[in-house]
Amino acid sequence: METLTLLLQLAWTFFLVGAFTFGGGYAMLSLLQTQVVVAHEWISESAFTDIVAVSQMTPGPIGINAATYVGYSVLHEATGLQWMGVLGSGVATLALMLPSFFIVLAIVKFYTKFKDSSLFDGTMGWLRPAVAGLIGAAAVILVVRVAWAGCVPSFSLVRENFADWKSWCLLGAAFVASYWGKVNPILVIVAGAVLGLLLY
Amino acid sequence: MEGKKVSLLQIFAVFAKIGAFTIGGGYAMIPIIQREMSRRGWISDDELPDIVALSQSAPGVMAVNISIFAGYRLRGVAGSIAATLGSVTPSFVIILALAMFFSAFRDNPWVERAFKGIRPVVISLIAVPMINMARKACTSWWKWLIAAASLLLVAFLNVSPIYILLCVIVLGFSVTYFNQKWKR
């Protein structure tokens with residue numbers, strides 16, 4: 001019974017994520033994170049970070065990869081059964097795609113109307129900056145967490161993602177390589193793994 | 001596209017191939033889709049930009065949206081289901097295999113050390129597309145304000161991104177609508 005509730009919660013969560021993801025896989029990560037890590041506490045920050053890494057490195061769209069992985073982890077953690085994990089990943093992935101079906105098929109019907117709507121363009125002009133901000137929030141939440149006691153915030157570093165000072169060097173190096181060096185993300189992750197093996 | 005009907009199995013197979021060779025998200029998928037579609041004469045090169053643009057602006061995973069769109073063009077709703085299942089299947093199988101592997105090996109010291117190095121790197125890899133996106137999308141100071149406010153509200157005040165998106169959609173739609181009305 002509890003497992004069924006969990007499955008339904010998982011399906012609803014991923015349906016919402018699918019309906020509100022604007023602007024690709026990274027935009028989805030912030031939604032997914034606030035739902036799965038912060039609101040439901042199904043998986044930890046470090047487990048989530050690992051899932052992002054694996055999703056980036058493996059073939060297929062990041063969003064689908066992450067959904068499959070999260071669905072597996074949540075059900076597997078809760079029940080300890082592998083086949084339940086498989087079921088969880090199936091439910092998560094299908095629920096994630098479901099809103100797209102309705103929306104895209106609706107767009108197909110109104111294709112021409114939709115295409116030159118300045119109203120649509122105007123709204124997207126507001127939406128895109130917000131999505132960028134949300135992606136930024138996803139990165140911030142993997143670094144610090146804020147707890148509020150009344151109006152007093154207390155900040156705590158996400159220790160699991162930052163083992164020591166070397167972690168900060170890795171973060172900086174990856175940023176330089178990716179932002180200015182335009183190095184392929186997969187290569188950056190592989191370099192991170194190799195350096196992790198050498199440094200720790 | 002005219003004349004001979006494309007079989008659902010064929011659609012599934014082509015999109016499975018596309019899914020299997022896409023590494024790193026929807027954008028990496030575009031050139032592969034283009035090659036596969038134009039080679040078969042399924043979708044012409046000048047139609048594709050429209051499909052991509054619409055798939056980007058529709059909510060959801062972009063790769064899924066493109067598959068639904070392209071599949072629909074080929075065989076209607078059944079085609080869109082075949083295409084979507086095709087593009088998702090390789091991911092699904094590979095990730096499941098990896099997830100099972102990692103749930104068994106997560107405590108392995110080698111895996112743990114590798115991930116100690118990977119975790120901080122991933123954060124930068126999320127930050128970089130955010131900055132690129134913000135620089136492109138924030139064309140005026142108040143758009144920077146929207147971006148900053150969304151970031152702060154979600155990261156520090158634990159507001160759900162869904163509420164923020166809903167507010168911005170309503171606000172953006174109303175402002176654009178009334179702007180157009182007054183200009184007339």
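What covers the buried residues of helix 8 of chain A?

Analyst: The cover includes helix 9 (185-199) of chain A together with helix 5 (109-137) of chain B. This is a predicted model, where local features need pLDDT of at least 70, side-chain atom pairs count only at pLDDT 80 or more, and totals for chains, interfaces and linings use all residues. Residues are numbered from 1 along each chain as written, chains are lettered from A and ligands numbered from 1 in the order written, and side-chain values use heavy atoms, without hydrogens and water.

The buried residues of helix 8 are A:Lys166, A:Ser167, A:Leu170, A:Leu171, A:Ala174, A:Ser178 and A:Tyr179. Buried means under 20% relative accessible area, exposed over 50%, partly exposed in between (1.4 Å probe, protein chains only). Helix 8 covers residues 165-180 of chain A. Its 16 residues should span 22 Å at 1.5 Å a residue, and its end C-alpha atoms are 23 Å apart, which agrees. The expected span is 1.5 Å times one less than the number of residues.

Now the surrounding chain. Chain A has 9 helices and 2 strands, which are DSSP runs numbered from the N terminus (helices H or I, at least four residues; strands E, at least two). From the N terminus, the order is α-α-α-α-α-α-α-β-β-α-α. The C-alpha trace spans about 55 × 50 × 45 Å along its principal axes. Of the 200 residues of chain A, 57% count as buried.

Helix 7 of chain A is mostly covered, with 19 of its 24 residues buried. This helix, residues 118-141, reaches 35 Å from first C-alpha to last, close to the 34 Å expected.

Helix 4 (residues 62-79) and helix 5 (residues 82-109) of chain A pack at about 140°, axes 7 Å apart. These two helices are therefore oblique to each other; oblique is what remains after under 35 degrees (roughly parallel), over 145 (roughly antiparallel) and 65 to 115 (roughly perpendicular). Contact means heavy atoms within 4.5 Å. The residues of this contact divide into 9 nonpolar, 10 polar and no charged. Here Ala, Val, Leu, Ile, Met, Phe, Trp, Tyr, Cys and Pro count as nonpolar, Asp, Glu, Lys and Arg as charged, and the others, Gly among them, as polar.

Definitions and conventions: Axes are lines fitted to C-alpha atoms, for helices over the stretch in contact, and angles run from 0 to 180 degrees between N-to-C directions.
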